[in-house]
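Me: Could you take me through this model with some questions and answers on its helices and on how they pack?

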Amino acid sequence: MSWRDTASGAVGASCCTAIGLPFGVAKSRLQAAGEGRYRGLTDCLLRTFRHEGPLALFRGALPAFSSAIAENS
């Protein structure tokens, strides 16, 4: 296994995590909120972005990145 394989696995894992993490955060918020608080995924993402800022969609990023990189490298 070369360093290129390791680096490409780390980059791929980082990209997948960066793209998917906001959806995972929104899914968790939708499950925890119960009915009536959000009208759906888009509403949850927009409200979180507007009221808490864009970084709120990346809460818990460090464990997600580290586990994805370790798994795919």
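What follows is a set of questions on helices, their contacts and the cysteines.

Reply: This is a predicted model, in which local features need pLDDT of at least 70 and side-chain atom pairs count only at pLDDT 80 or more, while totals for chains, interfaces and linings use all residues. Residues are numbered from 1 along each chain as its sequence is written, and side-chain values use heavy atoms, with hydrogens and water left out.

Me: At what angle do the axes of H1 and helix H3 cross?
Reply: Two packed helices are described by the angle between their axes and the distance between the axes. Axes here are lines fitted to C-alpha atoms, for helices over the stretch in contact, and angles run from 0 to 180 degrees between N-to-C directions; helices are DSSP runs of H or I with at least four residues, numbered from the N terminus. The axes of H1 and H3 (residues 61-72) come within 8 Å, and they cross at roughly 145 degrees.

Me: How many nonpolar, polar and charged residues are in the contact of H1 with H3?
Reply: Contact means heavy atoms within 4.5 Å, and on the H1 side the residues that meet H3 include Gly9, Ala13, Thr17 and Leu21, while those of H3 include Ala64, Phe65 and Ile69. Ala, Val, Leu, Ile, Met, Phe, Trp, Tyr, Cys and Pro count as nonpolar, Asp, Glu, Lys and Arg as charged, and the others, Gly among them, as polar. The residues of this contact divide into nine nonpolar, four polar and no charged.

Me: Is Thr17 buried or exposed?
Reply: Thr17 lies in helix H1 (residues 3-33) and, leaving out residues up to four places away in sequence, touches Ala64, Phe65 and Ala68. Buried means under 20% relative accessible area, exposed over 50% and partly exposed in between, with a 1.4 Å probe and protein chains only. Because its relative accessibility is 11%, Thr17 counts as buried.

Me: What separation do the C-alpha atoms of Val25 and Phe58 have?
Reply: Val25 is in helix H1, and at 12% relative accessibility it counts as buried. Val25 and Phe58 are 33 residues apart along the chain, and their C-alpha atoms are separated by 7.3 Å.

Me: What distance lies between the end C-alpha atoms of helix H2?
Reply: The expected span of a helix is 1.5 Å times one less than its number of residues. The twelve residues of helix H2 (residues 41-52) should therefore span 16 Å, and this agrees with the distance between its end C-alpha atoms, which is 16 Å.

Me: Which residues does Thr48 touch, not counting residues up to four places away in sequence?
Reply: Thr48 is placed in helix H2, where the buried residues are Asp43, Cys44, Leu45 and Thr48, and what covers them includes H1. At 2% relative accessibility, Thr48 counts as buried. With residues up to four places away in sequence set aside, the residues that Thr48 touches are Arg29, Gly53, Ala56 and Leu57.

Me: How many disulfides does the structure hold?
Reply: A disulfide is a pair of cysteine sulfur atoms within 2.5 Å. For Cys15, the closest cysteine sulfur is that of Cys16 at 7.0 Å, which is too far for a bond. The number of disulfides in the structure is zero.

Notes. Helix = DSSP H or I, 4+ residues; strand = E, 2+ residues; numbered from the N terminus.
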